[in-house]
Amino acid sequence: HQGNLDRTLANANGEAVGFGFKTSKFTMEKSGYFFLNTHPDRAGEATEWYDPVPDKAYGRSRIAAWGLLKEKESGKRFLYITTHLELNKGMRAGSAKLLVEKARELAPEGVPVFLCGDLNTAPSEVTCAGVLSAYFTDAYTEAVRLSLPREGGQTTYNSFNANVGKETASKRIDYMFYYGDSVVLKKYGVIYDTVNGVLPSDHYPVSATIEL
């Protein structure tokens, strides 16, 4: 349904997100998307969640993409969700609740869930990061708690400034969340590499090694 998705977003001033996987190792049994508003089957800005006090809205239709993946060799399955949240605090709060609801709805019983993306929220924001952390496990905090191997620091947002502090908690706005008893975190990292001294993005890549 990619063509329909492209047309829907083009008519709604929206954004698109996606993810990749190794087709040699995994098959995707199901996939889809939903919009971050009170009618997630239809594109549209989440004006009903808009909080005019902390910051402005940007008029974009935000979206989440998901896939139910199965490892070919073992038959193990997991649900992967990726998204990019709005800059408005109220919209992030509504989106966080919806993401938890959708994780419960889309994952078959006993199948672990991964939620990753640029969430535009600091760990201290209880209405977004706090809501997600109450359901999911935050890979960063779990790596710290278990003293696991960890590359880099906390900061994931650099604003194209390679000299930004690497241990700035308020700039940790990109996350890898997971849910499920079968998920074992082995390693976490934020990659601070540059390309010929140039940052390839205003966000640093986040990585995690997971065992199911």
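A residue counts as buried here when its relative accessible area is under 20%. With that cut-off in hand, welcome to a quick tour of this predicted model.

**Strand β7 and its partners**
- Strand β4 (residues 113-118) runs antiparallel to β7, and 6 bridges join the two.
- Strand β5 (residues 137-138) is also antiparallel to β7, joined to it by 2 bridges.
- F177 is a handy landmark in β7: L115 stands opposite F177, and D138 stands opposite F177 too.

**Helix α2**
- Helix α2 covers residues 89-106, which makes 18 residues.
- From first C-alpha to last, α2 reaches 25 Å, close to the 26 Å expected at 1.5 Å a residue.
- Of the 18 residues of α2, 13 are buried, so this helix is largely enclosed by the rest of the structure.
- At the start of α2, N88 brings a side-chain oxygen to within 3.0 Å of the backbone nitrogen of G90.

- The relative accessibility of G189 is 1%, so G189 counts as buried.
- Setting aside neighbours within four places in sequence, G189 is in contact with E151, P205, V206 and S207.
- G189 and D174 lie 15 residues apart along the chain, and their C-alpha atoms are separated by 12 Å.

Conventions: Residues numbered from 1 in each chain as written. Predicted model: local features only at pLDDT ≥ 70, side-chain atom pairs only at ≥ 80, totals over all residues. Heavy atoms only, no water. Pairing = 2+ DSSP bridges. Helix = DSSP H or I, 4+ residues; strand = E, 2+ residues; numbered from the N terminus. Expected span 1.5 Å × (residues − 1). Buried < 20%, exposed > 50% of the residue type's maximum accessible area, 1.4 Å probe, protein only. Polar contact = N/O pair within 3.5 Å; in protein donor to acceptor, adjacent residues only side chain to side chain. Contact = heavy atoms within 4.5 Å.
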